[in-house]
Structure formats: C-alpha cells, structure tokens
Amino acid sequence: MGKTKTKNQKKGREAARRVAEETFSTVPHTFVFQRGQIGRNVGQLVLDMRRVMEPFTARSLKVRKKNVLKDFVAVAGPLGITHFSIFTKTENSINMRLARLPKGPTLYFHVAKYALIKDVISSLKRHRMHEQQFSHHPLLVLNNFGTEGMHIKLMATMFQNMFPSINVHKVLNLNSIKRCVLLNYDPVSQEVEFRHYSLKVVPVGMSRGVKKLMQEKFPNMSKLEDISELLMKGVNLSESEAEQDGDHNITELPQVYSGRGNMASQQSAVRLTEIGPRMTLQLVKIVEGMGEGKVLYHSFVSKTEEELQEILKRKEARLKEKEERKRKQEQNIALKKEKRDQNKKRSLEGIKRKRPQEGQVSDDEVEDPGIPEDQAPAEESEDEAEYYRQAVGEEPDQGILSPGKGPPHNKKSFKSPDRGSKDGRKRFGDRKPLEGRNRFRKSEGGKKFGQKGGKGSRFAGQKKRDAGKKFGGQKSFKGRAVMKRQKGWTHLNHKMGLLLH
C-alpha cells in the first residue's frame with residue numbers, strides 16, 4: 001500500500017495553494033484579441049502575442065463576430081483582467097490598442113513592421129524554445145524611456161503594469177526567469193522596438209572540451225588516444241560550438257541555476273536567443289478612458305488651449321443633454337405606469353357596476369340540475385314564446401319551451417302508419433311515382449322508399465335473421481362501376497323524395 005498523507009503534508013499543500021491563489025490574483029492579466037476582419041497573418045500575430053503574455057492570459061480566447069467591447073469589459077471584472085491588447089486592421093495600416101481597465105487610459109499604436117514566431121525561427125540557425133519557458137512570466141526590460149515627455153512616461157508605465165513586478169526585498173528564484181521582453185524607444189524616429197528572447201545561462205572560465213563534457217550530448221572521442229587531448233587541446237571541435245562571451249554578458253550567479261556547471265558564486269554567461277514575435281510600434285495618440293474621453297496626446301494633430309476648452313464645453317453640453325433625456329424618460333415611464341394603474345382600477349369598477357344592471361344571477365340563484373320531480377319547475381319565459389311566434393308564425397305547443405309542462409312526449413316509431421299523415425298530408429309511399437321513375441326501380445310494384453331487404457337490394461343478406469349469412473361476412477366485389485351506379489341511384493331517390501315531400 002502507498003503511504004498516506006500526513007497532517008503536516010496536507011497543511012503544507014493547503015498553504016501553498018492559498019499562497020498561489022493570492023499571488024495569481026495580485027498579478028496583472030491581459031486579454032489579447034482582435035476586432036473586425038484582420039486576415040490570416042495578423043490573426044497569427046494575435047496568437048503569438050498571447051504566447052508572449054503567458055501564463056497570465058487567455059490562450060484559447062474565442063471571439064465571435066457578434067461580440068462587442070462591452071462584452072469583454074463585462075467578463076473582465078470577475079476574471080481579474082487588468083489590460084486589453086486589441087488588434088485591428090484597415091486598408092492602409094495595422095493598429096494595436098493597449099487599454100487599462102476599468103477607466104483607462106487607452107494607447108493607440110501603429111504597427112509599422114512585424115514578424116511572426118515562425119519567421120524568426122526560420123531565420124535562425126539554432127533556436128531554443130520549449131514549453132517549460134512559458135510556465136513563468138517573462139522579464140521586462142525597458143530602454144531609453146527616461147526622456148522628457150508626458151506621453152513617454154505614460155507609455156513606459158503602461159508597459160510596466162502589463163507584466164508582474166519583481167519584489168527586490170524578497171528572495172527571487174532565478175530558475176523562474178526563462179524569457180525576456182525588450183522594449184527599446186528610439187527618440188529620433190519615435191518608434192518602439194518590441195523583441196522577445198529566450199534566456200540561457202552557461203558557465204565560463206573553462207576550455208571548450210570541458211564545456212562539451214558538461215553538456216548532455218557526449219562528444220565523439222573515437223580518434224583520440226587519451227581524454228587529455230579533449231580537455232587540453234579541444235580537437236575536433238568547431239569554432240561555432242564556442243560562442244564568444246565578454247564582459248557584456250558575464251556575471252556571477254547568486255544562486256544555483258538550472259543547467260550543468262551553473263553553480264553559486266561562479267562566473268556564468270547569459271545568452272539570449274530571439275524566439276519572436278517582433279514588432280515596430282509608433283505611438284499615435286493617448287485617450288482618457290476606455291476609447292471614449294479626452295485626447296491627452298496626439299502625435300499628428302496639435303490643438304491650442306482655446307480649442308481644447310471649446311472641446312470640453314461641447315462635451316459637457318452633450319453630457320448635460322444626455323442626463324436631461326434620461327430624466328425625461330424616467331418621468332414618462334412613471335406617468336405611463338400611473339395611467340395604466342388608473343385605467344385598470346376604472347375597468348374593475350365598471351365591471352362591478354355592470355353586473356347588477358344586466359340582471360346577472362349569483363351562484364346561489366342558479367337552478368340545481370338535480371331538482372326533485374315534485375318541485376315546480378321554472379316559469380316559462382315570455383321572451384322565448386314571443387320569439388317562437390315571430391320566427392314560426394304559430395303558437396308554441398305546450399311543452400316545447402318548457403319540457404316540464406303538458407303531457408309527456410309520445411315518440412312514434414319509425415314504421416308507424418301515422419308518421420307521415422300529420423295535417424292530412426299524404427305519405428311519400430302513397431304518392432304516385434313520377435314519369436320516368438320506373439327506370440330506377442327493379443319491378444313495377446316497387447318498394448316504398450327506405451324499405452330494406454328483399455331480392456336485388458344492396459342491404460340483402462345483412463339482417464341478423466338471415467341464417468345463411470354470417471355476421472360480418474364479406475360480399476363479393478361486383479366492380480367499381482356497378483357499385484358507383486348503385487350508390488348514385490340511391491342518392492337520386494333520396495333527393496327526389498325530399499322534393500316531393
């Protein structure tokens with residue numbers, strides 16, 4: 001069985017996790033994304049800039065066409081995002097915006113030239129880049145940003161706040177420094193050079209043969225008679241394997257650094273290998289706020305003090321007008337709500353007044369459907385009788401409008417001889433057949449209309465008392481034309497009977 005975690009181990013890991021969370025929340029975080037159509041190359045530049053800002057950035061940030069800047073600002077607060085790096089492209093130029101959340105300022109840069117990571121690597125004979133380098137933030141180095149000018153100082157402060165700061169009063173682990181970002185300002189051209197390097201430390205003060213032994217790949221000594229030839233003479237080693245170091249990159253290490261031979265208090269050389277991307281930036285303007293506000297600096301347009309005051313007055317007037325519109329909208333909303341409540345109240349009062357005027361009965365006055373037989377039914381309504389007289393032209397029979405009055409209804413059977421003799425009228429069967437009607441009958445003494453059964457009838461054999469026919473038995477199919485003709489005769493007989501009646 002494996003060893004269980006002790007109480008001290010759990011406490012130590014919990015404390016380390018808490019410290020990591022506190023450290024992660026205090027360092028700056030950056031969103032790098034694009035706005036609008038930028039093309040494939042600029043899109044790859046956005047991905048390369050995310051690699052530079054790792055690990056304190058969203059490497060797999062998805063941007064949709066429907067997203068606006070307010071969407072990113074809304075999610076920036078809960079995620080602890082402090083800076084935006086936004087790339088845009090026009091027909092003539094590529095631009096980059098650096099914004100400080102939540103209230104600015106915003107710096108606008110023109111990207112004069114750029115090169116991707118793949119372009120830089122392809123131009124180098126030996127490049128050095130691996131995933132472990134991106135597990136720690138890069139070291140920021142600023143050069144020539146001490147010149148006079150408010151915009152220069154603001155630009156330097158913006159770049160410094162985008163990367164975690166180094167606490168000089170705290171012991172720094174040198175093994176966490178694997179990359180370096182260099183920003184160099186040229187006062188003549190007023191351009192900023194952006195470079196990204198991989199950092200490597202190698203020991204100095206030893207021969208090339210010893211350096212070769214210190215490396216992971218052991219040299220080929222098949223042509224040597226003794227190992228001393230490798231240590232003293234360094235034969236069979238190319239000059240390119242020993243880079244020229246000098247006072248500009250040799251230092252004494254205060255700690256043990258990763259790599260063979262990098263011991264504390266020993267001389268080592270710091271070497272930089274560019275991994276990209278590289279950019280040449282030119283500051284265009286600085287705006288107060290998140291893209292909206294007073295222009296603090298513009299490199300191409302200059303305004304006098306009177307023009308600036310006029311711009312401020314127009315801005316204040318717009319703000320006052322906006323506040324006035326907002327106040328009027330709130331008043332209109334309140335008036336509409338009050339009016340709607342009053343209309344609703346009047347409607348309810350009108351409904352209550354209308355019910356007694358129309359004579360609507362309450363639930364207690366509704367007739368019970370289970371009324372006993374000995375109880376007297378409701379009186380016949382005079383309105384119903386009058387309506388019957390006007391519609392029919394006769395007096396209503398006793399019991400038609402009020403089923404409870406008069407003698408009980410005597411339903412006559414369908415075959416009763418008195419069914420069709422009301423008011424002295426003759427039955428349909430007593431009338432003489434019309435001329436030409438015999439052609440629809442099978443015999444001269446045809447049957448009465450509606451009589452079923454008999455020979456030749458389509459209902460023959462379907463009665464229950466027919467012993468020779470089973471119930472549900474199928475008839476033989478006589479053809480579609482015959483069936484349609486028989487159906488047409490029956491329909492015609494029925495129509496003629498209705499006309500004669």
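**Figure 1. Strands β2 and β3 pair side by side.** Strand β2 (residues 83-89) and strand β3 run antiparallel to one another, paired over seven bridges. Two strands are said to pair when DSSP finds at least two bridges between them. Helices (H or I, at least four residues) and strands (E, at least two) are DSSP runs, numbered from the N terminus. Within this pairing, look for F87, which stands opposite M96 in β3. The link from β2 to β3 is a hairpin of four residues. Please keep in mind that this is a predicted model, in which local features need pLDDT of at least 70 and side-chain atom pairs count only at pLDDT 80 or more, while totals for chains, interfaces and linings use all residues. Residues are numbered from 1 along each chain as its sequence is written, and side-chain values use heavy atoms, without hydrogens or water.

**Figure 2. β3 also pairs with β4.** Strand β4 (residues 106-115) is joined to β3 by six bridges, and the two run antiparallel.

**Figure 3. A view into the largest cavity.** Four cavities of 30 Å³ or more are found in the structure. A cavity is a set of points, on a 1 Å grid over the protein atoms alone, where a 1.4 Å probe fits but cannot get out, and lining residues have an atom within 4 Å of a point. The largest cavity holds about 90 Å³ of space, a volume being the space filled by probe spheres set on the points. Among the residues that line the largest cavity are M49, M53, S85, M96, F159 and L281. Three elements, α2 (39-53), β3 (94-100) and β10 (278-287), each give at least two residues to this lining.

Figure 4. E274 belongs to strand β9 (residues 267-274). E274 counts as buried because its relative accessibility is 12%, with buried meaning under 20% relative accessible area, exposed over 50% and partly exposed in between (1.4 Å probe, protein chains only). Its side chain makes a polar contact with the side chain of R278, at 2.7 Å; such a contact is a pair of N or O atoms within 3.5 Å, one able to donate a hydrogen and the other to accept it. Setting aside neighbours within four places in sequence, E274 is in contact (heavy atoms within 4.5 Å) with V120, L124, R195, H196 and Y197.

Figure 5. Most residues other than glycine have a negative phi, and most peptide bonds are trans. N144, in the loop between β5 (139-143) and α5 (150-161), has a positive phi of about 65 degrees although this residue is not a glycine. N144 is partly exposed, with a relative accessible area of 40%. Q190 sits in the loop between β6 (179-186) and β7 (191-203), and its phi is also positive, near 55 degrees. Q190 is partly exposed, at 41% relative accessible area. P55 lies in the loop between α2 and α3 (69-79), where the peptide bond from E54 to P55 is cis, with omega near 5 degrees.

Conventions. 1 Å grid on protein atoms, 1.4 Å probe; cavity = no way out; pocket = protein on both sides within 12 Å on 5 of 7 lines; lining within 4 Å.
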